[in-house]
Amino acid sequence: MTAPNSTAGIFPLDKKGLLKAYRTMRTIREFEERLHADFAKGDIPGFVHLYAGEEAAGTGIMMHLEDKDRIASTHRGHGHCIAKGVDPNGMMAEIYGKVTGSCRGKGGSMHIADLSKGMMGANGILGAGAPLVCGAALAAKYRGDGAVAICFVGDGASNQGTFLESLNLAAVWNLPAIFVVENNGYAESTSRDYAVAVDSYVDRAAGFGLPGVTVDGLDFFAVYEAAGEIIKRAREGGGPALLECKMIRMYGHFEGDQQTYRAKGELEDIRANKDCIKMFSQRVTEAGVISRGELDAIDREVVAEIQQAVASAKAAPLPTAADLTTDVYVSY
Amino acid sequence: MARKISMRQAINEALDQEMARDPNVIVMGEDIVGGAGGEGEEDAWGGVLGVTKGLHAKHKGKLLDTPLSESAYIGAAIGAAACGMRPVAELMFLDFMGVCFDQIFNQAAKFKYMFGGKAETPVVIRAMVGAGFRAAAQHSQMLTPLFVHIPGLKVVCPSNAYDAKGLLIQSIRDNDPVIFCEHKNLYGLETEVPAESYAIPFGEANVVREGKHATIVTYGMMVNRSMEAAAALAKQGVECEVIDLRTLSPIDWDTVIDSAEKTGHVICVDEANPRCSIAADVSAMVSQECFKALKGSIQMVTPPHTPVPFSPVLEDLYIPSADSIAKAVKKSLAH
């Protein structure tokens with residue numbers, strides 16, 4: 001049975017928007033869980049960092065963006081890419097090192113980019129996206145096109161000098177730039193509380209003259225509403241802001257991480273009680289806005305899409321020796 | 001119409017003409033206008049050595065003074081370039097690369113390749129290089145080899161005002177990130193420069209003096225020292241060919257190799273420290289490609305492998321002199 005379409009007074013999005021958000025989050029989760037399984041089988045080369053568990057944050061923010069808006073992502077970038085509209089087929093092929101990949105097999109998991117979608121790249125250097133986003137925001141301001149630029153960093157990279165310099169630059173130039181700290185509690189294996197001297201990122205933002213907001217990053221609706229206000233303000237010339245999303249990663253820093261730094265039972269607790277997609281599903285079904293059957297139908301479609309993306313990636317051609325020296329000038 | 005102007009004026013003119021031509025060209029850096037936010041004169045400095053003086057009034061909103069935050073504003077220039085702008089960022093002294101190198105070598109240099117050819121990063125990073133200004137160890141280095149080592153970067157180092165204008169215009173129009181090295185001791189040097197806009201293609205060395213006995217391969221201020229040495233040697237009957245590389249990446253190997261095969265004697269003169277230098281790079285290529293044509297061992301003339309000293313007497317000893325270049329030519333010829 002299909003639930004009624006009206007969400008007025010209950011949710012900040014209409015039913016179509018809610019279904020889109022759910023589909024995006026489920027696509028990210030399925031993409032990442034499939035990578036987790038296939039990495040364990042030895043199918044995937046290199047380093048892979050999964051966004052599973054953090055879907056509500058990336059999706060809640062990106063729901064406000066258009067292609068003209070730009071983001072700079074992190075090493076944990078698959079979720080940002082999908083939420084920003086990058087094709088999961090190209091992403092999967094890229095992670096498999098195939099010539100059909102988003103970056104023709106030259107970037108891999110840590111460097112997926114699609115500038116046509118405003119995705120300026122996942123980044124293997126922590127904090128490096130922050131100045132790039134200042135540049136994107138500067139270009140938007142210079143052209144007056146109303147675009148915003150969003151930098152994602154983890155709690156670890158929030159300590160990088162380049163990130164802190166960028167907060168100041170964005171503030172003094174009043175750029176339409178937003179800095180999102182995805183605080184998942186760990187910088188690799190080191191706890192956030194060990195490595196960040198202040199308790200609140202709101203305080204840190206204040207030190208740079210920026211408004212700062214902390215939200216429960218597991219709560220899609222909290223992220224959506226907070227990001228919406230910040231993004232609207234930036235579009236209207238109100239300047240930069242910092243948004244901290246408190247969240248959880250379901251897997252290790254990278255695939256293969258045994259996560260021995262976690263407390264006993266921590267992962268089980270996350271799976272049982274802190275799954276942002278389960279929380280979203282519960283909210284929308286209990287409100288009677290979307291039925292379980294509608295969500296299940298999306299689940300089935302997403303599983304099939306990711307299955308197809310993996311099959312296509314596996315079947316896709318590898319780069320050849322001729323590809324080694326293209327896409328860069330070589331004068332030697 | 002050509003008139004004699006200094007390299008400082010030539011660079012200013014290139015920026016002026018390119019900003020007028022293309023609205024995407026913007027200029028940013030520390031004190032490039034000067035006096036921002038203060039109560040004194042607007043356009044107070046025009047850059048620490050006055051290279052951008054006067055541009056602010058002609059191009060309102062296109063010259064951005066930055067906080068002292070090289071990592072942030074060099075990165076912002078790179079990010080803006082990836083979004084279709086053509087920023088020219090001034091790093092002031094190339095020695096300051098240490099605080100923003102990640103943005104240059106891990107970001108700008110790699111975007112195009114790493115993103116499968118789907119990104120262009122048309123950014124120019126201008127910076128002062130070189131010794132002789134009594135500016136000591138952290139404001140005097142010739143760090144060109146560090147940038148030449150990185151695939152994806154282009155590296156330019158003009159020796160005169162004419163080349164500076166044409167190469168800077170080419171740098172701004174180029175779609176790759178360019179490190180544009182300005183020797184601070186050449187700013188005042190005047191040469192004939194056309195008033196109109198012109199671009200000098202990359203990868204084309206300039207044979208600034210022809211000769212049949214020995215080949216001197218060099219760039220930047222060392223071109224002038226090498227020309228002094230060549231003039232002195234000519235009086236002794238030794239005719240040197242002097243090659244000004246102009247762009248170090250891409251590099252014009254053909255001109256170097258043709259000359260090496262003609263003379264059989266090659267002297268590589270570089271203001272960079274000797275290990276893994278441009279001189280070492282050219283020496284290796286010449287020995288690999290021209291082995292049978294060589295009639296004497298390849299000579300490298302560089303500073304010693306030390307930081308740049310402050311005391312004027314030491315700094316003068318540090319910088320390769322016309323005399324040391326002439327001695328190296330004679331040493332090769334004596335083989």
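Hi everyone. Before anything else, one definition: a residue is exposed when its relative accessible area is over 50%, and buried when that value is under 20%. Keep those cut-offs in mind, and keep in mind too that this is a predicted model.

My topic today is salt bridges. Side chains of opposite charge can pair when their charged atoms come close. Over all chains, the count here comes to 40 salt bridges.

Let's start with A:R192 and A:D193, whose side chains meet in a salt bridge at 3.4 Å, N to O. Are these two buried or exposed? A:D193 has 62% relative accessibility, so it counts as exposed. A:R192 has 6%, so it counts as buried.

Now to a pair where both partners, A:E294 and A:K15, are buried. Their closest N and O atoms are 2.7 Å apart in the salt bridge. What does this pair link? It links distant parts of the chain, 279 residues apart: A:E294 sits in helix α12 (residues 292–315) and A:K15 in helix α1 (residues 15–40), both of chain A.

Over in chain B, B:E41 forms a salt bridge with B:K53, with 3.6 Å between the closest N and O atoms. Both residues lie in the loop between β2 (25–29) and α2 (55–58) of chain B, so the pair ties together parts that are 12 residues apart in sequence. B:E41 is exposed, at 53% relative accessible area, while B:K53, at 35%, counts as partly exposed.

Last one, back in chain A. Which residues are linked in a network of salt bridges? They are A:R26, A:E30, A:R292, A:D296 and A:D299.

Conventions. Residues are numbered from 1 along each chain as its sequence is written. Chains are lettered from A and ligands numbered from 1 in the order in which they are written. This is a predicted model: local features need pLDDT of at least 70, side-chain atom pairs count only at pLDDT 80 or more; totals for chains, interfaces and linings use all residues. Side-chain values use heavy atoms; hydrogens and water are left out. A salt bridge is a side-chain nitrogen of Lys or Arg within 4 Å of a carboxyl oxygen of Asp or Glu. Helices (H or I, at least four residues) and strands (E, at least two) are DSSP runs, numbered from the N terminus. Buried means under 20% relative accessible area, exposed over 50%, partly exposed in between (1.4 Å probe, protein chains only).
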